[in-house]
Amino acid sequence: MIKCYKRGGFLFSVLILAFFISIGLMSLGYDSKTRSVPLLVVMGGIILSLFDLVGEIFPRFTLRVEQNLVSTEGIKSVSGTKNDTEVKKDNRSTLIFIILWLVIYFFLILLVGFHIGTVISLFIFFKFFSKYGWLKTIILTIGTWLFLYVCFDVLLKFSFFQGILFGAVVVI
Amino acid sequence: MPYKVWQSPVNYFSNYTLGTQYICAEKLMFHALVIALAQLVQPEVFFFLILGCLIGFTFGIMPGLGGVQGLIIALPFTFGMNSLPAMFLYAGIIGAVPFGGSIPAILMRIPGTAVNICTTFDGYPMTQSGKAPQALGISAMSSMFGGLLSILVLIALLPVVRAVVLAFSPPEFFMLVIWGLCACVIASKGNMVKGLISACIGLIFSFVGLSNVSGVTRYSFGTMLLWQGIPIVPFVVGIFGIGQIIKLSLQGSTQIGEKLVINSRIRDVLEGGKELFKNKVCFVRSALIGTLIGIIPGVGGVTANFVSYLIAMQISKRPQKFGHGAVEGLIASEAANNAKDGGALLTTLSFGIPGSVEMAILLGALTLHGLSPGPLLIRDNLDVVWALIIGLIFSTIFASSVGLVLASRMAAITRIDIKIVIPIVAVLCFVGVIIATDDVLTVFLCLFFGIFSYFMEKFGFSLVTLVMGFVLGGLLETSFHASLQMSFGSYAVFFNRPISLALFCISMLTLSLPFLVPLVKRLVRRQVVK
């Protein structure tokens, strides 16, 4: 019986429940005025998350709360075949690459500053994700950077973060 | 630049001087209109409006990207700009997206944005039967007049709403927020429980940082980053910018569109345009549906698109033609998706409650320029309101007329390799966040919300309700406490005022709709069988 749930959805629902519980526990440390509304929301969130968890374990239960006011039943008959742009089945390695790339980009900005960080991360993306040749990669990287530099540094006179390695300070 | 944190209009309740506002309301409206129009005459401002239209048009055409991403990308470029030219830029983007999205929907059966899904049903069959120019003509005219009609409604209602908003006090605002969240949960397809959970998570995120009520810092983990709360720009950019980038990168295909050559003669296009006048009733009905749905907080264009199409199909004398190139279907879809902007702008500007996701981004943009949407905006910055309205009128006309001429050439945009677009959009998202907050660490927040939103969407949680919860959280809390202060701690204040009680009843009715609608359908079916 318990095997009918989807592991990812179940784990995510557990995480959401844990989030609400931890926020609820943190709220108890504040005075009554500060915590009153957050606690109300947390209580609602915990009850709903428990419902959701039950729904993840027993999918039939969720059907009772499935709603689609704008019924597309009539439309299905006229819409024809499946949409071309529909997202294909998740590719786990691509997902890991894109998330890692975004995280690395953030840390590069922190360490070496916006400009150098942008050039490095764009190069990584074009070369290893898009798999372009050297010339196309370099042209796209430098072109994008130059556009950003002219727009923001030259025209808008905005000075970007210089990077911890170059003496910039970050207050966490 | 200081942090731009979302501030609720309730902060300013104490400053209300209701009587004086009524006296010279009309004079003020006219004066503000003149200021906004005078701005438009300046070449620099006009350039930004045209630029906005082009950005909106391009983002509308590109499948996977839409008005939300267009606005996100434009955010950093408005840094240092005066608020009025910036508003013209934003309005240009918002007004041009729906027609831009209809071009690939008609020519290639690829909806440029989600609000163009129904356009593919009848637009593409028309292209297949060699009527692409006519279909584009119908789409352009429906988009243009649909948008204009909704703006007319907006202009007509603005003075009324202005008076209503000023008559609203904290209990009414509290109930309005509750209704907004309920409407949003109901409008999002799927599991209602997940929708409500999303709203709760959004509300919790809005409570992070310095409390407006007690002055205590909450849930900040002792960091300076969260001390003032989560700024709206990294939040929305993360959810709709970074989240979309992750989704696009998983899409697989590198080029979405195919090479397309369409010889559109102006006579054919105009012939298509004439169809609108032959189907006046369908057009007016669809535009009004779009406007009305736009007014409902958080519901947005997709619902407007589907509802309008379904009603057109049910009322039509030839429903069998729908899906095979029905002119009425195309008119219904395009008139509604453009008309929703006028309606959405009404609630966004007057109540500070976003009518759609684009409007939530617009709220962030307004705070970036030191403006507070809601009662204060229509009281103190009417010129900004007019700038948005004029910008929307212009962009609707510009996109439909210029876009029509360039339609087949602009469709080539869909052939841009998505692997070039992804990193550039990511970089611009980060730039937007850095410029809006002047703090590099907020990029981390943006990243966190981007990844979080990807998984939320994957597991069926609604992102629109998450954002609505976040945007409305501050207003909910401050109006709740202000109401209790008004009533010396009595909760009866929410129920013994007519508007507040009415809004409460509407909220309950809205939440019970998914259970009531099938019940009514069953009863009707039984009656028919009998």
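How many salt bridges does the rule find across the interface of chain B and chain A? The rule finds two there, a salt bridge being a side-chain nitrogen of Lys or Arg within 4 Å of a carboxyl oxygen of Asp or Glu. This is a predicted model, in which local features need pLDDT of at least 70 and side-chain atom pairs count only at pLDDT 80 or more, while totals for chains, interfaces and linings use all residues. Residues are numbered from 1 along each chain as its sequence is written, chains are lettered from A and ligands numbered from 1 in the order in which they are written, and side-chain values use heavy atoms, with hydrogens and water left out.

**View 1. The interface of chain B and chain A.** Contact (heavy atoms within 4.5 Å) involves 89 residues of chain B and 82 residues of chain A. The buried area, meaning the accessible area (1.4 Å probe) that two parts lose on being put together, summed over both, is about 7400 Å², and carbon and sulfur atoms give 78% of it. On the chain B side, Arg109(B), Tyr219(B) and Leu250(B) lose the most area to chain A, together 9% of what that side buries.

**View 2. A salt bridge between the chains.** Lys194(B) pairs with Asp52(A) in a salt bridge whose closest N and O atoms are 3.0 Å apart. The pair runs from helix 2 (residues 32-57) of chain A, which holds Asp52(A), to helix 9 (residues 192-207) of chain B, which holds Lys194(B); helices are DSSP runs (H or I, at least four residues), numbered from the N terminus.

**View 3. The bend in helix 7 of chain B.** Helix 7 (residues 132-167) bends by about 40 degrees at Leu158(B), with Pro159(B) following within four residues, where the bend is the angle between axes fitted to the seven residues ending there and the seven starting there.

Terms used
Helices (H or I, at least four residues) and strands (E, at least two) are DSSP runs, numbered from the N terminus.
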